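Subject: Structure handover

Hello,

Here is the structure you asked about. My notes on what was found in it follow below.

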Amino acid sequence: MSRLPLILGTALTVFLTFAFRWLNQTEFVNDHFDHVALALQLRLGDLPVRDFVDEGMPLMYAVSAVAWELLKSPFYSETVVIALGFAIAAGLSFRLAALISGSALAAGLAVFAQVALNPRTYSYPKLFVQAVALTVAWWAVKRPTVSRLAALAAATALGYYFRHDHALYLGVASVALLAVAQWQSGFVTMARSIATYGALAFLFVLPHLAYVQWAVGIPTYLRVARAYVSGESVSGVYRVPVLSVNAREGLWISPETRIVHVRWAPSVDDRVRARLEDTYKLDVVTHVEDRTWRYRARNTSAANLQAIRSDSNVEDTHGFDQVSRSDRWRRLLAESHVGPGWHTRENSVALIFWLYWLLPILGLATVFVRRRVLAIPEAAIAVMLSTLALCSNLVFLRHPLEARLPDVGLSQSVLAAWIGASAWRWWPAPGVRRRLTRGVVVLVTAAALSAVAVFGETGKLLAAAGVFQGPGEVVRRWRDISARLHDMNPGPVPGYPSGMLLPFIEYVRECTSPEDRLLYGWYSPELNVVTGRGFAGDHRRFYRRLSSWEQAVTISHLRRVRVPFLIIPVDRHQWFADTYPDIWEYLKPRYEQMAVIPPGDERGFEIWRDVSRSGNGVYRTTNWPCLR
């Protein structure tokens, strides 16, 4: 593929992906603030690991902290970061897919699938680090010198700094790449390249390991990480999706085109009306009012409809123009759609899931079958893609499956582009085998893209972005989204709890110091972001059981900062006290309940105030004490 189309295609992909993500960023889910709350701690002067628990994603919240500092708005800066992350990943994916497949069309379809899957906002590093690593790998594998191996090691380390487990599967995939690339050079050369790569990757992550050792010690860091992984794995089992169709639920829905209304003349009694209904093939649906009835017309021929209208027993009609045969067919084509029996949503999940497991196997099989004709770099990158796809399946796919499938889209989509292009060119001579192979490629591609569009609700997202209404609506939407991203009351966050706690949020902003901290007894890290107050203790969330030593560490952190308020969901009060007994024993004598928001609501929130702090005034809206 020539250089200019490649550059233009990559640039266009970056621009369109950035715009798509921006135009649909109406709200952040609370999971997104898991790292943004850590970014806030950085901005408040806390040190990672030493002052707060970091489960292994230092670069993710560091990037958010820098963007927030530069752009001064947490929601606006986060949207810039995630839109750029997804856009760069898509651009690099297009470039790599086009280079290894030799087809801009295959690359474009691959990127469409990747973007249309619409990963959650906080998943951008999963795609970004894979795109960077694959791009570097394609460059390095052509001539695996020490400097290029260093670049590949740096790309792996980039994954480590975004989230430690990224380094594991990037490392396994990179070793597979080097093994294939150096296979013909002999075992010694292959082992030397792999060892060099591994040593350089370790050197790149060594500064972080040294910092962790200084902050709390690597054993303690690993204990916390192990507890986190154990907690996450509890919900990791998912139900394997299976394709299914149920004809009883209806496979096709057509618009009701035969409903008409007839108002009979005053002289028509029940006997005459029944005779006329039989004559004109009108089935009663309901008696509307007085002399007007609603019918389903069994005979919609023009002659029958005209005879009804011309009958002296008929005073008025309605809906007849809509049941003419020509109009009916137009409506059938325009408004008919598949019925619920096809289980389109569930089947789209199942199809994507099974393609995810099939593609890596097909990739490895293709390399094996064509090993004598494939160039070494092409075979090596195909093996890396297949290995990366398999590792991603094993690491990322867990419950809830629908939320995780988009996270695996990058390696799978680029691999699919290569497999599809290879199959398309498999038989050079015209004939039945080539036509059959290409037909299968077209059918599978169409089915996969349809499943992706259904799964990602692509049509709905494009409509919401104003694409179908023209450039003017897109511009208006862009401005509207940008304005919303600067809103902090409470901002583009879930309504529960932030919307419910908005009076308290406004109170905290006005009546506490920026250095004060909040302790929230459950999982809603967005509260810290919308209030601008860091979390108290070393945990930004309380959702798993903490051991006695972890609770002791949390209490030691609570002693070091000012924590004017404790917020506990009403239905979580007893759970919090039972799950964190040591922490509760520390808090109970130091706090008193100030309010319940909303009063008497089982889904409300208890607000507990530090009894040692006296107010220097009152908040005029609620008469709560100001604790600045």
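Predicted model: local features only at pLDDT ≥ 70, side-chain atom pairs only at ≥ 80, totals over all residues.

Backbone points

By that numbering, Lys 72 sits in the loop between helix H3 (58-71) and helix H4 (74-101). Its phi is near 65°, a positive value in a residue other than glycine. Lys 72 is exposed, at 58% relative accessibility. Asn 623 also has a positive phi, near 65°, and is not a glycine. Asn 623 belongs to the segment after E11, and its relative accessible area of 58% makes it exposed.

One joins His 399 and Pro 400, with omega about -5°. Pro 400 is in the loop between helix H15 (376-396) and helix H16 (401-404). Another runs from Ile 597 to Pro 598, with omega near -15°. Pro 598 is in the loop between strand E10 (591-597) and strand E11 (605-610).

The second largest pocket

The second largest pocket holds about 1000 Å³ of space. Its lining is made up of 39 residues, and those nearest the centre are Ala 416, Ile 419, Gly 420, Val 441 and Thr 445. Helix H5 (104-116), helix H14 (344-369), helix H17 (409-424) and helix H18 (432-456) each give at least two residues to the lining. H17 supplies the largest share, eleven residues. By class, the lining has 28 nonpolar, ten polar and one charged residues.

Aromatic rings

The structure contains 34 aromatic pairs. One of them is Tyr 238 with Phe 353: the ring centres are 5.7 Å apart and the planes are at 75°, so the pair is edge-to-face, the cut-off for that being over 60 degrees. Tyr 238 lies in the loop between helix H10 (218-233) and strand E1 (252-253), while Phe 353 is in helix H14, so the pair ties together parts that are 115 residues apart in sequence. Tyr 238 is partly exposed, at 22% relative accessibility, whereas Phe 353 is buried, at 2%.

Trp 575 and Tyr 580 have ring centres 5.6 Å apart and planes at 85°, so this pair is edge-to-face as well. Trp 575 counts as partly exposed, with 24% relative accessibility, and Tyr 580 is buried, with 0%. Both residues belong to one aromatic cluster, formed by Trp 522, Phe 542, Trp 575, Phe 576, Tyr 580, Trp 584 and Trp 608.

Trp 522, from that cluster, also has a charge over its ring: the charged end of Arg 572 sits 3.6 Å from the ring centre. In another such arrangement, Arg 433 lies over the face of Trp 427, at 4.1 Å from the ring centre.

Leu 461

Leu 461 is in helix H19 (residues 458-464). Is this residue buried or exposed? Its relative accessible area is 16%, and the cut-off for buried is under 20%, so Leu 461 is buried. Leaving out residues up to four places away in sequence, Leu 461 touches Phe 20, Asn 24, Asn 118 and Gly 456. From Leu 461 to Thr 300 the separation is 161 residues in sequence and 39 Å in space, C-alpha to C-alpha.

Regards

Methods:
Residues numbered from 1 in each chain as written. Heavy atoms only, no water. 1 Å grid on protein atoms, 1.4 Å probe; cavity = no way out; pocket = protein on both sides within 12 Å on 5 of 7 lines; lining within 4 Å. Points joined across faces, edges and corners; volume = space filled by probe spheres on them. Helix = DSSP H or I, 4+ residues; strand = E, 2+ residues; numbered from the N terminus. Nonpolar A, V, L, I, M, F, W, Y, C, P; charged D, E, K, R; others polar. Buried < 20%, exposed > 50% of the residue type's maximum accessible area, 1.4 Å probe, protein only. Contact = heavy atoms within 4.5 Å. Phe/Tyr/Trp six-rings, centres within 6.5 Å; stacked < 30°, edge-to-face > 60°. Lys NZ or Arg CZ within 6 Å of the ring centre and 35° of its normal.
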